[in-house]
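Trainee: I would like to go through this structure with you. Could we begin with the charged pairs and then turn to the ligand?

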Amino acid sequence: MAIINVGVREIHCKIVYYGPGMCGKTSNLQYIHSQVPREAKGDLLSIATETERTLFFDFLPLDLGKVRGFSTRFHLYTVPGQVLYERTRVAVLNGADGVVFVADSQRDKLQEDIKSLQELARNITRQNKKFSEFPIVLQYNKRDIPNALPVPVMDKYLNPLHWQRYDAVATTGVGVFDTLKAISKLVISKL
Amino acid sequence: MDPQLTSLIVPPEEVAHIDECLARLVDDTGGNYALLLDKSGQVIASNGDGNRQDTTALGALIAGSFASSQQIAKLLREKDFRMLLQQGVRENLFIALIEDQWILTIIFNKGTHIGLVKVLTKKATEELASVLERVRKQRQTRDEVLGSNFRTSMEDTIDLLFRD
Ligand SMILES: Nc1nc2c(ncn2[C@@H]2O[C@H](COP(=O)(O)OP(=O)(O)O)[C@@H](O)[C@H]2O)c(=O)[nH]1
Ligand SMILES: [Mg+2]
């Protein structure tokens, strides 16, 4: 739930990047962190294993400065994708205002994408929120890979609710900011 | 619209109550720092020694560890962990949940007795719970608070800042 703190004139929103292991969630945050001007970002905090897999979450605070007198902050999080860590994903998802679902476009990852999306639906519903009305933006990542699934096929399995959807190559930044802009605006529209 | 998606609007007079409550908790326990977080990890108010470097990251981590302790509770079929104590070499952290929505944290050192912290924190959580109840009930709309042009201004800022 977003917080509008009228006393200190601040607005806070929480956005979570969700998706199967290795789909590129951390890469999204790393790219955003590398491009956003210094005064608008905090440190990128990563709680990871020695092999750089996300263990708990990545966290990137963005500060949009004053808009109509209110300081506005977006907090971006990623969840660990490994199947085993569902409880941790539930913890990170707590209180989220919007979700970017990052799907892996590799042909042999579709099953994992579908499973992860079903799990997301379950976990949003458990927070007593309506999944069909929850702010979600889809990102089809790794479009640079030769065996990437055609977009219509991914749409068929992952986008029955017709969310906004962006093709991306998170490692080089393609589509990363389009995705971030879309989810930010969606969250703001629901404040 | 789904009521779960609307924001929590905290009016100035309630922010003042919260500040007062945190200040009293720090004072009465002789603690170093008190922090009120939303369960999403966002800092609502803080009080105490001002040179805590990264309150934002602290908020994210405390909320994360509290949420994960609640998942542990579920696995253990424990109804809930309402409170959490983290003991350090220099400082301790005591964390308490307020109505499943807010998280109160107090940081204190060896000079303060944990029993005192527990009692006074419990008192503070009751006070903050009634603040939260009033905040949840208040009926100001977003447009009344932010102005009707807020959304377009916000979208312009997003376009300006979120690009490579
Ligand atoms: N080819 C390609 N590799 C990517 C892309 N995005 C991420 N990767 C790689 O996929 C691996 C996992 O990425 P990471 O961001 O850690 O995934 P996470 O588990 O979702 O956080 C890393 O080796 C990345 O370099 C992409 O768009 N294209
Ligand atoms: Mg990761």
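Trainee: Is Glu119(A) buried or exposed?

Mentor: Glu119(A) is buried, with a relative accessible area of 8%. Buried means under 20% relative accessible area, exposed means over 50%, and partly exposed lies in between, with a 1.4 Å probe and protein chains only. Please note that this is a predicted model, in which local features need pLDDT of at least 70 and side-chain atom pairs count only at pLDDT 80 or more, while totals for chains, interfaces and linings use all residues. Residues are numbered from 1 along each chain as its sequence is written, chains are lettered from A and ligands numbered from 1 in the order in which they are written, and side-chain values use heavy atoms, with hydrogens and water left out.

Trainee: Which residue forms a salt bridge with Glu119(A)?

Mentor: The partner is Arg89(A), and the closest N and O atoms are 2.7 Å apart. A salt bridge here is a side-chain nitrogen of Lys or Arg within 4 Å of a carboxyl oxygen of Asp or Glu.

Trainee: Turning to ligand 1, which residues come nearest?

Mentor: Of the 14 residues around ligand 1, the nearest are Met22(A), Lys25(A), Thr26(A), Ser27(A) and Asp144(A). A residue counts as near if one of its heavy atoms lies within 4 Å. The shell divides into 5 nonpolar, 6 polar and 3 charged residues. In that scheme Ala, Val, Leu, Ile, Met, Phe, Trp, Tyr, Cys and Pro are nonpolar, Asp, Glu, Lys and Arg are charged, and the others, Gly among them, are polar.

Trainee: What lies 2.8 Å from a nitrogen atom of ligand 1?

Mentor: A polar side-chain atom of Asp144(A) does. The protein buries 74% of the 580 Å² that ligand 1 exposes when taken alone. Accessible areas come from the Shrake-Rupley method with a 1.4 Å probe, and for residues only the protein chains shown count as cover.

Trainee: Which helix gives the largest share of the shell?

Mentor: Helix H1 (residues 25-35) of chain A does, with 3 residues.

Trainee: Finally, what is the secondary structure of chain B?

Mentor: Chain B comes to 5 helices and 6 strands. From the N terminus on, the elements run β-α-β-β-α-β-β-β-α-α-α. Buried residues make up 48% of the 164 residues in chain B.

Conventions
A polar contact is a pair of N or O atoms within 3.5 Å; within protein, one must be able to donate a hydrogen and the other to accept it, and residues adjacent in sequence count only if both atoms are side-chain atoms. Helices (H or I, at least four residues) and strands (E, at least two) are DSSP runs, numbered from the N terminus.
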